[in-house]
Structure formats: structure tokens, C-alpha cells
Amino acid sequence: MSVLVYTETLNGKFKKNAFEAASYACDLAQKIGQPLVAIAFNAEDCNALFNYGVGNVIHIKDENLSTFNAKVFAQVIADIALKQAAHTLVLSATTDAKYMGGILAAKLKAGFVPNVVAPPLSTEPLVVKRMTFSNKGFAHTRINTDFRIIGVSNNSFGLVENNVDGAIEEVSSDISESDFNTKSVNVERVTGKVTIADADIVVSGGRGLKGPENWDMVEDLANVLGAATACSKPVSDMGWRPHSEHVGQTGKPVACNLYVAIGISGAIQHLAGINASKVKVVINTDPEAPFFKAADYGIVGDAFDVVPKLTEKLKEFKAQNA
Amino acid sequence: MKILVCISNVPDTTSKINFTEDDTKFDTNGVQFVINPNDEFGLTRAMWFKEKQGAVVHVATVGEIQAEPTMRKALAIGADEAIRVNAHPTDGFFVASQLAEVVRQGGYNLVIAGRESIDYNGGMVPGIMSELLDMSFVNTCIGLEIEGESATASREIDGGKETIEASLPMIIGGQKGLVEESDLRIPNMRGIMMARQKKLTVVEPTEVSPATQDIKFEKPAPKGDVKLVDAGNIEELVSLLHSEAKVI
């Protein structure tokens, strides 16, 4: 019996979400008195997981699995879960983990609770707190099944260092071509840029910026903060910025530590998508903009004046605190 | 091509969320229900397949009689027939099991669901269905083309997009991008009139035990007032973010 955690990699490196999922799983494993086992695919160096309480890593090295495939990855994970006689699996909230969540729930006949935002409320039966109604409510959800799957919301538990002496078990998979029923033919991924999904900080621009030519100052601010750039729906609808930057209810969900909204009024659909962020800052000329009701800090002022100054001040701050 | 679009009947985004019966139930009092936005993108894409490729489009939901106006709206947008599984949608596993049965009975070769519903945000229904039905599955789908039995789908990934080839039968977890917001249709009078005549079949649920149960709800703690910083004193914001909010 063990608690399993799926630790996702990108180009062989563990994502931050993987360490957060491991941190959560370590806490859960301690509470129910079971060892923690991580499952990783094609990782360069699994030792990093030992910093987050992982005692054992099952590492699958297989060229056939170099590109993510939800069905096949879920098959490998489910097989390991059966072999380990595990009853608990922890996932992160990445796009790929969410893709696998339902598949794994069906394969393992498991109750699956995603968007979990806090350590378990009880372990017997397992009850967890999850986000519902696009962050306008939380549910305490009990899992009725023998096998339980938990999806940990981004930036909800944080990284908890817990160094252990761990072991790595190298395994191969017995996946063959016939196990694939979808084929990845092309992957386009931006490189050298923080993505919204991985970002601790997101800087987002709205219609108040007046045109795509004014985005340099958003990017400058994002650069100094090490942040991802995002935008509101009208901005992506007008083609000022790519759709992949659209955050909000129908766009990408954001759950970061700091969200900076520049020239965004704060329509309810926008707020629904970003409400899970911990600290929100709004910069807007209109003191009546609804975003001021949702934000923690606000500046009433012209973005064209405020944002470059903020970037300068942050540069000074970073230089002093480097 | 026979398409089933799975529809979740959800509170409109602008709804106030309250809980009742000692915080064990969502309070539907005064709440306006709509087609789940992610499902509406899928329904609109299905209409395209109907008009350009002669597909037959059915819509299905798991819900009580209160869900019928939402199903009529889907019919008014252009779906040919609707099916309602007469049960309270208790959890993702229960809903997916019921919808899988609808797919088995109806012989659909393309199933379009949304990447998640905006009420319970579970996002697991299409994935569970894909396993129960042994269909290929593409989630967070932002583009779908079908030629005969071959499908080309694109999906959103963290930081980019992936193109996937698959064969029918398949299931999609759809979202914005399948069609754009400007492609969404508002039912016209003729559509609304025709929808009244269209078939809305009510079927009883198969016996399935929910895998999870919400035992209590809570609302987020009330948020304090925004702290305003003067535009002439931006150092103060930097210092608050560092020493108070501790995010930089």
C-alpha cells in the first residue's frame, strides 16, 4: 500500500506543479501512514523529488512515451497503481493531468476530486475541500470509493521541502503502438517565455491599453517580475493578442500568487477565471471599475503613466534585493 | 455522422451563489440557468457539421425537469432531437455513466462535451465516458475537422497547442476555439417555434452509485476592501507587495 503521485515533466525537467503535487501527497501519505511513491516519465534527474518527501520514484523511460498521450500515460499509471496495491493517487492541475483525470477515474473505478485547495479535512473517510462555482464557493467532498484520486489546484498547497533518502526504480513500459488511439502530429509550444499555467505572477492587459502597439509596457513589467503575460477577452477577440493569452471563464484559468490587471474593468466572466489568484492588483483610470471590488491593492490612474513607473520601481527593488 | 452534444444546465455566470439546507445544497432560488458555455461552443461546432456535412445532431443532459428550458434552447439553436436522463446530476461519475448509456443506445460516432461545467468545475465527464465507451478522446479541444472517419483535432496545452489525428468514434472535451464567441447563435423566432415541435425524450437513469458526494458547501471568506495606493507614490505598492502580501 502506498500513496502515488504523478509528477509531470516537460522536456525531462519536473514542473513546479509536480513538486506541489508531491508536497500535498507527502502530507496525505503521512496522515494515512503510508509511503509515498512518485511516478515520472522520461525525467532527466529524479533526485529532485527527494526534496519533497518522495521516498520512491518509479521512473518510466520509454521513447514511445516522449510525447504525452493521455490514454497511454493513464494506462501505465493505472497498471502501476494495481501493482502497488495503492488506493490513493494525487495529480496536479496541469492541462495534461486534467486530461488524464477522468480516464484514470474510470480505469481505477475511483472517485476523482479535482481543484482541491486544502489539506484533507478528514482521512477516514477521505473528505477534501475543492473549488466550485468558478471560485464563488467551496465544497467538502467525500470520496466513496476504495480508490481515491485527488487533483491539487495550482498554488494552493505550495511547495513544502522535506528531504528524504529516496530510491529510484527504473522500469520500462509494455506499451506498444496498438495502445494508441490518437496520434500527436504536431506540438507548438512557446519557448523562453513563462506560460500562464506555470506562472507565479501574471500581468494582464485589457481594453484600457488602447491598442496592441502599447503592449511593450506590459511585457516590460512582466519581464521584471518574471511573470507571464495575459489579456482580457475583448483584447483577444479584437486580435490585439493571441487567444492563448485570454484568461477568464472561457479562456485559461489562472491561479497564481500575484495577478496584476492593467486597464481591465473586471467583468464577472473575467473575474470568474482569475479569482483563484491569491493577491490581485488593479490599475485603472476608473475608480468605479468592478475590479476594485475584487482586488487587494489598487491604483486609480492612467496605465500609461503608472505602469512604466511601477516597472522602474520594481527594477530598483530587485536590484536592491538581488 | 451522428453527433451527440452533452449539455450541462448551469447557473448563468452572473448568478449570486448561495447555499441552503444548512449549507448542504446549492440554492437555485432566483438563479437563471443556461447552456454551459464550454458546451455551447461544441453545440455550435456541431451545427456547422450539420449544415456543411449533413450530420444529425442530438443533445443530451442529465437533469430534472427544470433543465428542459435549456434543452429547448439547444433545439432552438438547431439540434434535431433532445434526450434528458431524468435524474439529479450527483457527481461526474454518475453523469458520465448515464451519458455513456445514451451513446450506446443512440449509436453516435462523435460525442462533444465541454472541457468542464462552470458550476462544479469537475472536468471529468468526457474522460470517464471515453473509457466506458472505448472511444478516442481529445480534451481542451480548440479545433475539429472531420473527413469520413478521420478526425484532425487541435487541443490547448500549457504554453501552446497540439495537433492530434484520430478516428471516429471519438469524444471531445470542447471549449472556446472550436468556434469563436462571435459564431455563437442566439435562437431566432423560427428556431424557437420549431423547437417546440422537436422530440425531447425523457429516459430513466440506469442504476449507478455516485463515486463522490458533496457533504457541505461554504462561501469564500468576505474579502476586505481594496487598499488604494496613490498614483504618485508607487514605491508604496512595491513595499506592500513585498512586506505585506509577500508575493515579490
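# Reading a predicted two-chain model

User: How far apart are the centres of domain 1 and domain 2 of chain A?

Analyst: This is a predicted model, and in it the centres of domain 1 of chain A and domain 2 of chain A, taken over C-alpha atoms, are 32 Å apart. Six residues of domain 1 of chain A and eight residues of domain 2 of chain A make the contact. On the domain 1 side, the touching residues are one nonpolar, five polar and no charged. The domain assignment places domain 1 at 3-179 and domain 2 at 201-321 of chain A.

User: How many residues of chain A and chain B are in contact?

Analyst: In this model 74 residues of chain A contact 67 residues of chain B. Helix H3 (residues 95-107) of chain A supplies the largest share of the chain A side, with nine residues. By class, that side has 33 nonpolar, 27 polar and 14 charged residues.

User: How do I read strand pairing across the two chains?

Analyst: Strands of a sheet pair through backbone hydrogen bonds, and the pairing is either parallel or antiparallel. Here strand E13 (residues 182-189) of chain A pairs with strand E11 (residues 160-167) of chain B in the antiparallel sense, over seven bridges.

User: In what order do the strands of the open sheet of ten strands run, and which are the edge strands?

Analyst: The order is E13(A)-E11(B)-E10(B)-E9(B)-E12(B)-E8(B)-E1(B)-E6(B)-E7(B)-E13(B), and the pairing is mixed. At the edges are E13 of chain A and strand E13 (199-203) of chain B, each of which pairs on one side only. From one strand to the next, the twist averages 30°.

User: Which strands form the open sheet with parallel pairing?

Analyst: Six strands form it, in the order E15(A)-E14(A)-E16(A)-E17(A)-E18(A)-E15(B). Its edge strands are E15 (228-231) of chain A and E15 (227-228) of chain B. One pairing to inspect is strand E17 (residues 279-284) of chain A with strand E18 (residues 297-300) of chain A, which is parallel and has four bridges. Val282(A) has Gly298(A) as its bridge partner in E18(A). Helix H4 (residues 216-225) of chain A packs on the sheet and touches E14 (201-205), E15 and E16 (258-262) of chain A. The direction of this helix makes about 175° with that of E14(A). Helix H8 (residues 303-321) of chain A lies across E16, E17 and E18 of chain A, at about 135° to E17(A).

User: At what angle do H2(A) and H3(A) pack?

Analyst: Helix H2 (residues 70-83) of chain A and H3(A) pack at about 55°, with their axes 9 Å apart. The two helices are therefore oblique to each other. Their crossing is right-handed. Residues in the contact include Phe73(A), Ala74(A) and Ile77(A) of H2(A), and Tyr99(A), Met100(A) and Ile103(A) of H3(A). The contact has nine nonpolar, no polar and three charged residues.

User: Why is H3(B) called oblique to H4(B)?

Analyst: Helix H3 (residues 92-106) of chain B and helix H4 (residues 125-133) of chain B pack at an angle of about 50°, with axes 9 Å apart. That angle makes H3(B) oblique to H4(B). The crossing of H3(B) and H4(B) is right-handed. Among the contact residues are Phe93(B) and Leu99(B) of H3(B), and Ile128(B) and Met129(B) of H4(B). Eleven of the residues in this contact are nonpolar, two are polar and none is charged.

Key. Residues numbered from 1 in each chain as written. Chains lettered and ligands numbered in written order. Predicted model: local features only at pLDDT ≥ 70, side-chain atom pairs only at ≥ 80, totals over all residues. Domains from an automatic or database assignment. Contact = placed C-beta atoms within 7 Å. Nonpolar A, V, L, I, M, F, W, Y, C, P; charged D, E, K, R; others polar. Pairing = 2+ DSSP bridges. Axes fitted to C-alpha atoms, helices over the stretch in contact; angles between N-to-C directions. Parallel < 35°, antiparallel > 145°, perpendicular 65-115°, else oblique. Left-handed = near helix turned anticlockwise from the far one by under 90°.
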